[in-house]
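User: I would like to go through the labels used for this structure and see what each one rests on. Please set each value against its cut-off.

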Amino acid sequence: MKFKQLTIKNIGSIESKTIDFTANPLGSASLFLISGPTGSGKSIILDSICLALYGKAVRLEKVSNRENYMDPEFNCTADGSITLCDARQLVRRGTTSACATLVFDGNDGREYTASWNATRGKKENINTRLTASRRVTTKDGSVDCNKEVECNECIVSASVVGLKFDEFCRTTLLAQGEFTKFLDSDTKEKANILEKVTGTEKFSKIGALINEKFKEVQESAKDLLRDINDEEKQPMKDEERKALNDEDKDLEGKRQGLDGERKLASAKKGILERQAINEANDAKADERIQTAANQKATDGYKDAVRTSTDWKASLEARASLKTRDVAKATMDKALGKRAEMGRTYASLAGNLVWLEDSLGQFSGLDKEISDANEKLQKARENHARLNPEALAEEGRKLSGEKTVLEQILKQAQVWLTGRRAVIGQGVIDAFTPEQSTLYNASLNASRKYWAAQDKQTEAQGRYDDVFAGFQDHAAAVRATLKEGDTCPVCGNVVKQILTDETIARILKPYRDGIEEAGKAVEAAKKECDDAIVSITNASTAKDGQISAWQGRNAEVTESSRKIMSFVTQLSTLQQRSATKTTIVDTIGRITTVKNKVKNALGVEDPASPVKVENSELESQLGDLNTAIERNATEYSTAEESWKNAKKSVGDFLAANPAFTEDYLVKLSGKSMEDITELDRKVKFVDDMATSANAQKEACKTEREAIAEEIRTKGYVFAEGETSESLEQTVSGLELAISGIDTRRGAIENALKADDAKISNMKKTREEYEKIRPTLTNYETLNSLFGQGGGTLFKKIAQSHLLGVLLENANFYLSQFTDRYELMRQEGSLVVLMKDKQQDEAPRPANTLSGGESFMASLALALGLSSFNSSDFSSDTIFIDEGFGTLSPTCLKNVYETLSSLKKVVGKKVGIISHVEELKEEIHPQIVVDPLGNGLSKINDPA
């Protein structure tokens, strides 16, 4: 990966800063320095890189204590507590948000942006809880992660960074401090440090897993052997199984014999029971046959049969009898209604006379309509003479001209305030000549006024500039020089120092210019005021024209009102005329209907009719006519029905002499429910006889079937043998069979249990033979790597890794000094130094001086950084402090070696140090300056 840009906001002492690693001078540098006093915030840069990528800070992850402490003011949790390693502790207090953002190129060449943000919500209130979040995106938008798990998975993927947090720290933030402790520590401490910086703790876990798996397999093998040797799980011997099988076969023969006897006894018992039941049923059948015969012989049964038969045979005749009586009643009712209709006609005839007399109220109506038409015509002619359309157009024109004058007046008044906007050209083009004259006069006067104001401002400005210059000059000269002194600027002798009176005479022309400009402004303003007065006068004159127009318009309004009044009067008269026409038409229609009703009823008009008003006369007379027609139809229909029904009844009685009209009336008194009940009683007796005869026949058939079964099957019954004695025999046989079945079931269960033991024992032996090779393999692995809870495997791995680490470190150490070479004591973690100036004699590393120890630990850190594949590391290495222990010569060697890393391994190096010699040698530099009050400033690289 390649660092491109880091942005820090409110992290630690840094308020806001962006560092561009691609822009020069950092972009082309192979080595750069991050310097500043102790505590200024240099390490914040490394913390911000790790926060952006992993959401963790280097300094906080080194804290072993993970407990919480109370800090309600920081407001990170509900109870005011925060973990000692929580990254939110780095947020600058008193701020509402903080962020660390890193832009970099991933291993796949794409540009990524990783950010860590701490915010207090949308409102950014200092009292709102501080929450942290992360996000990883690509420039092309193909990646956008905003959840903790998603961000971690994205960062550690091979295409992005490819390193976990501790791997990134090992390869990018070199842990030379850990290796300084490493060189001075004992074997146990060395093992712990190696485990921390190289990640060999996984070998302890692998060894522990091997030991755990060995114990698991070993225990499984022991369980299988216990099962194989368990006496209770052993199957039967062969002679035991044979004895059980022989016993079961003997019991099976006995059971078959007993079952045959049981079946014979059960069959004979069934025959005897069938015979007894059949004899009882035969006796019941005889009894029911006799009961049915007795019932049929009664008068009630015979009368029910006759009544039901005659009722069904006379259905049509009885219906005709009923129809005849109903038709006769309908005819009588129709005749009664006709008499009532005659009385109704006499009343309606008087109503018609009243209607004919009502026409007298419309006499003289035609003349009234003629006079009203004449008045309306004269009013319309007078209205047309007033020419209302022209008058309306004149009003619109006057109103528009008045509006334009008000607009011009308002514009002229606005111009006096100094606002120089003008009316739109479209409005100006529509001006009348008078309006154009007034507008142009006002505009020209305003332009003069504006020009005079501009000149007055210029004159005042010139005066102020000259006055200020003289004032400053006079004050300076008076304070430092007097007449006869030499001017320090021009070198001339000062002959005269300006007094206030002399300055006033020099400024007089400028004051005169201001006064003349002021007069010009007053004159131009008067011209503007005169133009406004002219516009006001024109507007007032227009008001007079509008007032005269309003008088003429009132006359037109009055004329329109009179026309509407005459139109209303004429409309009322025309409505009365329409009413008269309607009455005449109604009388004609009513007379036609009246005559029709009169003829239908065959009556005469009343000699002295009662004249009464009736507004529904026509509809009532029409209803009467309809009722008369319906009455005639009803009577005719009923009469026809009466004749047909009377004939039908006579024909039936003639054809059936046993029937009389009175008998038909009696039968009509019977309902369908009555006849149904009679039929039910008759059917009950008939069904009793039928079913009893059928039962008698069935008993005969059963006797024959029983005799045939006894004959064909050869059943022999002993003397005194009954169904009860046979039941006892069957029960005894079933009890004996049940005892045999119980024993056979026990034998079967014993054999099945033995089969299961045989199968289980075979399976157990197969499993044991299968697990034996696995146990042997794990036993071997455990003896090599699993002992001591996995520490043995870790020691082997650490010993090997230490050898590789020392080999890599010696490459860098040879660049720092040609005197020493690191070596490992075989079979241990002891690190020795081979001193080439002392015949390559080995000596303990803890005997090195401070500077030598730093070079050795730095070489180890650089060697560790090369463990990772070049595809999974950054293009920049950061080294934090420790350079103050080096001599100038060693410092130069280290400096030159680190400078060459970009050529050798393609990496640039960033050194974090406050050593003055490095400040002189290394460029560019990122300098962190403290500002006080807990703030620092990161300067641009230079």
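User: What makes helix H1 mostly covered?

Analyst: In this predicted model, 11 of the 11 residues of H1 are buried, where buried means under 20% relative accessible area, exposed over 50% and partly exposed in between, with a 1.4 Å probe and protein chains only. Among these buried residues are Ile-44, Asp-47, Ser-48 and Tyr-54. Helices here are DSSP runs of H or I with at least four residues, strands are E runs of at least two, and both are numbered from the N terminus. Just after H1, Gly-55 has a positive phi of about 70°.

User: What should I know about the numbering and the model before going on?

Analyst: Residues are numbered from 1 along each chain as its sequence is written. The model is predicted, so local features need pLDDT of at least 70 and side-chain atom pairs count only at pLDDT 80 or more, while totals for chains, interfaces and linings use all residues; side-chain values use heavy atoms, leaving out hydrogens and water.

User: How do you know what Leu-53 is in contact with?

Analyst: Contact means heavy atoms within 4.5 Å. Leaving aside neighbours within four places in sequence, the contacts of Leu-53 include Met-1, Arg-134, Ile-155 and Phe-168.

User: Why is helix H4 called largely enclosed by the rest of the structure?

Analyst: Six of the eight residues of H4 (residues 165-172) are buried, so the helix is described that way. Phe-168, Cys-169 and Arg-170 are among the buried ones.

User: Why is Ser-157 called partly exposed?

Analyst: Ser-157 has a relative accessible area of 23%, so it is partly exposed. Ser-157 lies in the loop between helix H3 (148-156) and H4. Ser-157 and Asn-107 are 50 residues apart in sequence and 9.4 Å apart in space, C-alpha to C-alpha.

User: Why is H9 called oblique to H18?

Analyst: H9 (residues 299-313) and H18 (residues 672-713) pack at an angle of about 135°, with their axes 9 Å apart. That makes H9 oblique to H18, because angles under 35 degrees count as roughly parallel, over 145 as roughly antiparallel, 65 to 115 as roughly perpendicular and the rest as oblique. Axes are lines fitted to C-alpha atoms, for helices over the stretch in contact, with angles running from 0 to 180 degrees between N-to-C directions. Residues that meet include Tyr-301 and Trp-311 in H9, and Met-672 and Val-685 in H18.
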